[in-house]
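Please have the sequence and the 3D view ready.

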Amino acid sequence: MDILLIVLAIVLFIGGILGCVIPALPGPPLAFIAMLLSKWSGYIDLSTTSLIIFGLTTIAVTIIDFWLTPWMTKRFGGSKAGNWGAMIGLVAGLFLPFPIGALLGPFIGAFVGELIFNRSKSSIAFTAALGAFLSFFVGTGLKLLACISMIIYSIFQITW
């Protein structure tokens, strides 16, 4: 049973990392569940305090990620069309060579979304796309930092 829990934890840690860049997967919550499974396995000795800290971090990063994109896009003069365009661009960018697709997909998607749905001037659409692009990278960076921290901390707590 312990080995099954560790295997599931590894799968969820991988899913957590992927969830940082794929909008449909909740990255940090998956990584936190992986921490819980690894603690229950008996091979990794995680303290209750560390689980509480990482649980609160997971909640904070998830809330910030949901709040950040609309806030920054709006702050840069964008709309929901820019947000949706950035997400569609991200998914489309996954099929292009890395890092070009991952870097340009959200920006181009937000730009096109603003141009098509809001019939914005190209300068306004560019600024809004820049806001959506920056918010995507800040949010992704925070999620990756949280997930990688959980993985590294768990690895250092392995008991042989």
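Which helices do the buried residues of H2 pack against? In this predicted model, they pack against helix H1 (2-19), helix H3 (48-75) and helix H6 (122-156).

Helix H2 itself covers residues 27-41, which is 15 residues. From its first C-alpha to its last it reaches 21 Å, close to the 21 Å expected at 1.5 Å a residue. Its buried residues include Pro28, Ala31, Phe32 and Met35. Just after H2, Gly42 has a positive phi of about 95°.

The largest nonpolar core contains 18 residues, and Phe13, Met35 and Met150 have the most contacts inside it. H1, H2, H3 and H6 each supply at least two residues of this core. H2 gives the most, with five residues. A second, separate core of six residues includes Phe107, Ala129, Ala132 and Phe133. In soluble globular proteins, nonpolar side chains tend to be buried together.

Now consider a lysine. Lys143 lies in helix H6. Is Lys143 buried or exposed? Lys143 counts as buried because its relative accessibility is 12%, and the cut-off for buried is under 20%.

Methods. Residues numbered from 1 in each chain as written. Predicted model: local features only at pLDDT ≥ 70, side-chain atom pairs only at ≥ 80, totals over all residues. Heavy atoms only, no water. Helix = DSSP H or I, 4+ residues; strand = E, 2+ residues; numbered from the N terminus. Expected span 1.5 Å × (residues − 1). Buried < 20%, exposed > 50% of the residue type's maximum accessible area, 1.4 Å probe, protein only. Contact = heavy atoms within 4.5 Å. Core = buried A, V, L, I, M, F, W, Y, C linked by side-chain atoms within 4.5 Å.
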